[in-house]
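Work through the exercises below with the sequence and the coordinates open beside you.

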Amino acid sequence: MKSNAILSAAAAILAASAFLPVHAGDYRSEALAMMKRDFHPRGIAGIDRLDQDAVQAICNRTSDKPPEALAKILQRDQMDAIRWPSDGKYLGNSAAGEKIAQRGKGMTWKDKAGAPGGGGCYNCHQIGPKETSFGTLGPSLYQFGKIRGYGIENQKYVWGKIWNSKATNLCSNMPRFGHSGSLTEAQIRDLTALLLDPKSPVNSQ
Amino acid sequence: MSRPARSIMALTALALAAGVHGQQPPAAKDRVTADFEKFRAVLEEDNPAELFEAKGEELWKAKRGPKKASLAETCDLGMGVGVVKGAYVRTPRYYPDVDRVMDIERRIVHCMVTYQGFSEKELAKKPFSSLDRTPDPVSLVTYVAGGSRGMKIAVPQKHPKEREAYAIGAEIFAVRAGPWDFSCTTCHGEDGKRIRTQNLPNLATHDGSLKAYQGWPGYRMTGGVMHTLQWRMNDCFRQQRFPEPGYVSDSITALLAYLGATANGHVYKGPGIKR
């Protein structure tokens, strides 16, 4: 599955370069080369983090507006790589989910390798009714289940969105938390419950 | 009471006020911002940045370093040797003596190394302020920035290398990478967005980009230390989950050229205060 994804990603890049204009004096590659020279690894943040995967490269090159055909191919690859809950259970503990949503730490050069990271969801979303310090980079998720439904389809959608936001929206500004190994399956289960358990304060208050 | 002591009291009061508002409905958030603005007004009359300007002026004029030279007698920030007035709002710029574009902190470090004999490696080891230490370049940048108070931002875009720095900076701004797929654009590409309660300027616009100038170098209320844009860029790359950019490196100069030139024409009010 993985090599399949890489293959079609490579094909996509070739296809993209065929019909996207290459600007005179390709400042983009110069920018990347300059950064490779100037940046150094620190803590868990290695220099390889500057290497773009196909999704990042295409979104970067097209200012987040990839040609539709290309977006479809790449989204399917992202979708194929999502790991669904091994026991078929999508909903964990919503109170634990709230803690993970609150916690913003993880993946910076100050964070430790393997330490349980947070989702930082409140950095970008309104979620629970009690937390008024929320960001607005993403849409409000308050009453998400109540408004969008508690059924299995929506459970799959939320799980998939958290695991890999790019599977349904190629250039989403939301990180790919499962895909990048930032959150574990158990954490994603708790977050899905935060949004979709009818008893979660997100839906009951 | 001494100036810093009074400032610190005001800061503590603000921190307390912010804590209390944390539990209120969303509308109350604007209270926090309003409180911040109020305290900023108080602080601006009694600007803690002035302390660092004064320290920077001493450092600028003193004979220092292994070569016992003064920057005032050797360093050309682009306006002639020793001239501070107007230099800040005209950087990053091309310097013929080194055939490259430099931002202000980089130029100051260059002068400290070339004329005073300081070691760039040493200066780069701990370049950012902490509670018990303000690196000399930070005070120097604050002093030099004070020399542009009330002047129009005019980052030059005449020399081909200045235009190249701008173009590369614009691209660095858009580079999406790392485990969380962030670029500067993720957080600074739209109007009116926030992370938690922190407002995120849209830096790709003429007005938004002013935020990359106004109030910098800034006395940061969080932590109570003086920071330059070198620190701001470093901390944003950390939040971006990237590896660490080199201190006074080409990449930072390019970003600052892009942000600065985008803000050209706005009036710079001098070193200030940041949340």
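Predicted model: local features only at pLDDT ≥ 70, side-chain atom pairs only at ≥ 80, totals over all residues.

## Exercise 1: The interface of the two chains

Task: Characterise the polar contacts between chain A and chain B, and say which elements of chain A take part in the interface.

Solution. On the side of chain A that touches chain B, the elements that give two or more residues are α2 (27–38), β1 (39–40), α3 (54–61) and α6 (121–124) of chain A. The largest share of that side comes from α2(A), with 8 residues. By residue type, the side of chain A that touches chain B divides into 20 nonpolar, 20 polar and 10 charged residues.

The next step is the extent of the interface, where 50 residues of chain A are in contact with 42 residues of chain B. The area buried between the two chains is about 4200 Å², and carbon and sulfur atoms give 56% of this area. In chain A, the residues that lose the most area to chain B are A:Trp109, A:Thr132 and A:Leu137, which together account for 16% of what that side buries.

Strand β1(A) is joined by 2 bridges to strand β8 (residues 244–245) of chain B, and the two run antiparallel. In this pairing, A:Phe39 stands opposite B:Pro245.

## Exercise 2: An arginine at the interface

Task: Decide whether B:Arg196 is buried or exposed, and list what it touches.

Solution. First locate the residue: B:Arg196 is placed in the loop between β4 (193–195) and β5 (198–200) of chain B. Its relative accessibility is 18%, and because the cut-off for buried is under 20%, B:Arg196 counts as buried. Leaving out residues up to four places away in sequence, B:Arg196 touches A:Gln102, A:Tyr122, A:Asn123, A:Glu131, A:Ser133, A:Phe134 and A:Gly135.

## Exercise 3: Covered elements of chain B

Task: Explain why helix α7 (residues 136–146) of chain B can be called largely enclosed, and describe the pairing of strand β6 (residues 215–220) of chain B.

Solution. For the helix, 10 of the 11 residues of α7(B) are buried, so the rest of the structure largely encloses it. The buried residues include B:Pro137, B:Leu140, B:Tyr143 and B:Gly146.

For the strand, 6 of the 6 residues of β6(B) are buried. Strand β6(B) pairs with strand β10 (residues 271–274) of chain B in the parallel sense over 4 bridges, and B:Gly215 stands opposite B:Pro271 there. With strand β7 (residues 225–227) of chain B, β6(B) pairs in the antiparallel sense over 3 bridges, where B:His227 is the bridge partner of B:Gly218. The hairpin of β6(B) and β7(B) has 4 residues between the strands, and in this hairpin B:Gly223 takes a positive phi near 100°.

Terms used
Residues numbered from 1 in each chain as written. Chains lettered and ligands numbered in written order. Heavy atoms only, no water. Buried < 20%, exposed > 50% of the residue type's maximum accessible area, 1.4 Å probe, protein only. Pairing = 2+ DSSP bridges. Contact = heavy atoms within 4.5 Å. Buried area = accessible area lost by both parts, 1.4 Å probe. Polar contact = N/O pair within 3.5 Å; in protein donor to acceptor, adjacent residues only side chain to side chain. Nonpolar A, V, L, I, M, F, W, Y, C, P; charged D, E, K, R; others polar.
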